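Student: I have a model on screen and would like to learn how to read it. Can we go through it feature by feature?

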There are 2 protein chains.
Amino acid sequence: MANKKPMADDSTENKIKKAARTVFHKKGFAATRTRDIADEAGINLALLNYYFRSKEKLFDIIMLETMQGFFKSVKDVFNNEENSLENKIELVVSNYIDLLIEYPEIPMFLLSELRVHPDELIAKMGMKEIIMKSYFIKQFQQGISDGKIAPINPLHFIMNVMGMTVFPFVASPIIKGIGHLSPKAFNALMMERKALIPKWIKAILKTK
Amino acid sequence: MANKKPMADDSTENKIKKAARTVFHKKGFAATRTRDIADEAGINLALLNYYFRSKEKLFDIIMLETMQGFFKSVKDVFNNEENSLENKIELVVSNYIDLLIEYPEIPMFLLSELRVHPDELIAKMGMKEIIMKSYFIKQFQQGISDGKIAPINPLHFIMNVMGMTVFPFVASPIIKGIGHLSPKAFNALMMERKALIPKWIKAILKTK
DNA sequence: AACATTTTTAATCATTTGATTAAATAATTT
DNA sequence: AAATTATTTAATCAAATGATTAAAAATGTT
């Protein structure tokens, strides 16, 4: 098995990247000060520019890596030719809830930065092809042909799964507020959703 | 009928507020320059501080008004004692999709600013009481008692409705990207959802 | 060890940015 | 109209911020 271990890379360059990830994810590009990153990394401010030239260049690297990491799961699951459609839904939801519990700031980070440079990055990632030409979409269309799935635009389906899965994390301050939930209680609710969302989605797909 | 017309208030103070709303909604607090607001309003920069003291004070006003405006609809619909539970779902979804098509940047604005000062504002708005003590929640609990609704935490329900309704707008760059949709085509899809989401939600509520 | 190269530091720059000031203009009151 | 008050402007400030520089320290090479 090609088992690449994460391997604690404590080079200065990597310390800066790690710190940049932390701070950018939490505060976004505009609110982040290069000094925040330097402090977080425990390095001299000038080193940031020595290794990465500018705040913008460093940000672009973090943004790209974050996007790739975030969409890897859909890409893998959607293009698998073994699993059934139902299986895929369960896998995607489960993978994402685990990921989101570990890195809850990522969707907010991605979405708020995507509104600044919307098109380039999405196009660059080839999202359209990855999703719309995936084996999953073929299965979906087949399900419609077979009368097993209500005939709706697959985009509705994608919005529903994403909406139910990632929106709670994006809106977590609101959810925690109205439900009076501690972070732990919130996560417990999210864990519940791992089993619930696939059931709900199946119910939706059958809706006539 | 108490029909308060919007009445174009072209006072300097109001021009600044309007411009601030536009710029803050689009770029968020951190990325907004007070000069951007002054330019957008067509006024001298010093007037912003003359009328509002500081960027922060002006922002707080816009933030509060935006939140109040955004949650007014839920508040009204949820506490109405005439409509059935089904009716309420249709109303909330329909109201919000209309609102979001007109002001698509609002949810992203609110959510990204809420991650900076999460608790105060949510508590200040009394969201917990407004939602959790609403007539709607009573209807929901009753539906569970009567065996008409699957016994789930009402928060799941709220997350599902919000997720399906507002998430597409928050993620619109992604949706437009993968679906290759023009803004018009995107809005058309959203209009479709006005009828679809209530059906889906009903299907979910029945899930055993 | 001597030299060259890479990495790190402290100091400093130039711009940007939120805010203030003092003077000019307009509106209101007496 | 004169005096008073409110609004607006242009100029400027001080602090914050991204970036650079020159020198020091560490590392690698011969």
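Student: Where is the place of Arg53(B)?

Tutor: Arg53(B) sits in the loop between α3 and α4 of chain B. Helices (H or I, at least four residues) and strands (E, at least two) are DSSP runs, numbered from the N terminus. Arg53(B) is not a glycine, yet its phi is positive, about 70°.

Student: Is Arg53(B) buried or exposed?

Tutor: Count C-beta atoms, placed from the backbone: 20 or more others within 10 Å means buried, 12 or fewer exposed, and in between partly exposed. Arg53(B) counts as exposed because it has 10 C-beta neighbours inside 10 Å. His180(A) lies in the loop between α11 (172–179) and α12 (183–206) of chain A. His180(A) is exposed too, with 10 other C-beta atoms within 10 Å.

Student: What do the numbering and the letters follow?

Tutor: Residues are numbered from 1 along each chain as its sequence is written, while chains are lettered from A and ligands numbered from 1 in the order in which they are written. This is a predicted model, in which local features need pLDDT of at least 70, side-chain atom pairs count only at pLDDT 80 or more, and totals for chains, interfaces and linings use all residues.

Student: What is the mean pLDDT of chain A?

Tutor: pLDDT is the predictor's confidence in each residue, from 0 to 100. For chain A the mean is 93, and 97% of its residues reach 70 or more. Within chain A, confidence is lowest in helix α7 (residues 118–124), at a mean of 82, and highest in α2(A), at 98.

Student: How many helices and strands does chain A have?

Tutor: Chain A has 12 helices and 0 strands. Its C-alpha trace spans about 60 × 40 × 40 Å along the principal axes. Of the 208 residues of chain A, 36% count as buried. Asp76(A) belongs to helix α4 of chain A. Asp76(A) counts as exposed, with 12 C-beta neighbours inside 10 Å.

Student: Which residues have the most contacts inside the largest nonpolar core?

Tutor: The general idea comes before the case. In soluble globular proteins, nonpolar side chains tend to be buried together. A nonpolar core is a set of buried Ala, Val, Leu, Ile, Met, Phe, Trp, Tyr and Cys residues joined through C-beta atoms within 7 Å. The largest here has 108 residues, and Val170(A) and Val170(B) have the most contacts inside it. Contact means C-beta atoms, placed from the backbone, within 7 Å. Beyond its neighbours within four places in sequence, Val170(A) touches Pro107(A), Met108(A), Leu111(A), Leu111(B) and Val170(B).

Student: How many residues of chain B are in contact with chain A?

Tutor: 42 residues of chain B are in contact with 42 residues of chain A. α10(B) gives the most to the side of chain B that touches chain A, with 10 residues. By class, that side has 28 nonpolar, 10 polar and 4 charged residues. Nonpolar here covers Ala, Val, Leu, Ile, Met, Phe, Trp, Tyr, Cys and Pro; charged covers Asp, Glu, Lys and Arg; the others, Gly among them, are polar.

Student: What rotation superposes chain B on chain A?

Tutor: Two copies of a chain are related by a rotation about an axis and a shift along it. Here a rotation of 180° with 0.0 Å of shift along its axis superposes chain B on chain A, with RMSD 0.0 Å. That is the relation of a two-fold axis. In chain B, Gly163(B) has the C-alpha nearest the axis, 2.1 Å from it. The same surface serves both copies: 100% of the contact residues of chain B recur in chain A.

Student: Which residues are closest to DNA strand C?

Tutor: A residue is near a strand if its C-beta atom, placed from the backbone, lies within 6 Å of it. 15 residues surround DNA strand C, the closest being Thr12(A), Asn44(A), Ala46(A), Ser54(B) and Lys55(B). They divide into 6 nonpolar, 5 polar and 4 charged. DNA strand D is also surrounded by 15 residues, the closest being Ser54(A), Lys55(A), Thr12(B), Asn44(B) and Ala46(B).

Definitions and conventions
Contact = placed C-beta atoms within 7 Å. Least-squares fit on C-alpha atoms with pLDDT ≥ 70 in both.
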